[in-house]
Amino acid sequence: MPRHLYGAGEITTRLGVSRQRARQIIDRPDFPKPYDRLGMGAVWLKAEVEAWIREHRPHLGEADHDEESA
């Protein structure tokens, strides 16, 4: 997956929550809208998800540099 996109799996890992909890968060009205929908599912712009995390889950800090280059 391109480095500037997150799928549901990356969001689940980044938030450190279960797939079910990630789905609840993704469905929130204040969560960024998907950038696009592919055969594998929705994808979000990483920058928008990270901005949401900084605002709503500041205790998670910034994404690891390794995550950004993966």
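Mentor: Contact means heavy atoms within 4.5 Å. In the protein chain, residues 24 or more positions apart account for 56% of the contacts with a separation of 6 or more. This is a predicted model, in which local features need pLDDT of at least 70, side-chain atom pairs count only at pLDDT 80 or more, and totals for chains, interfaces and linings use all residues. Residues are numbered from 1 along each chain as its sequence is written, and side-chain values use heavy atoms, with hydrogens and water left out.

Trainee: How many helices and strands are there in the protein chain?

Mentor: Helices (H or I, at least four residues) and strands (E, at least two) are DSSP runs, numbered from the N terminus. The protein chain has four helices and three strands, in the sequence pattern β-α-α-β-β-α-α.

Trainee: Which residues form the largest nonpolar core?

Mentor: A nonpolar core is a set of buried (under 20% relative accessible area, 1.4 Å probe, protein chains only) Ala, Val, Leu, Ile, Met, Phe, Trp, Tyr and Cys residues joined through side-chain atoms within 4.5 Å. The largest one here has 12 residues, including Y6, F31, W44 and A63. Two or more residues each come from α1 (8-15), α2 (19-26), β3 (41-45) and α3 (46-56). The largest share, three residues, is that of α3.

Trainee: Which residues make the contact between α1 and α3?

Mentor: I11, R14 and L15 of α1 meet V49, E50, W52 and I53 of α3.

Note on methods: Buried < 20%, exposed > 50% of the residue type's maximum accessible area, 1.4 Å probe, protein only.
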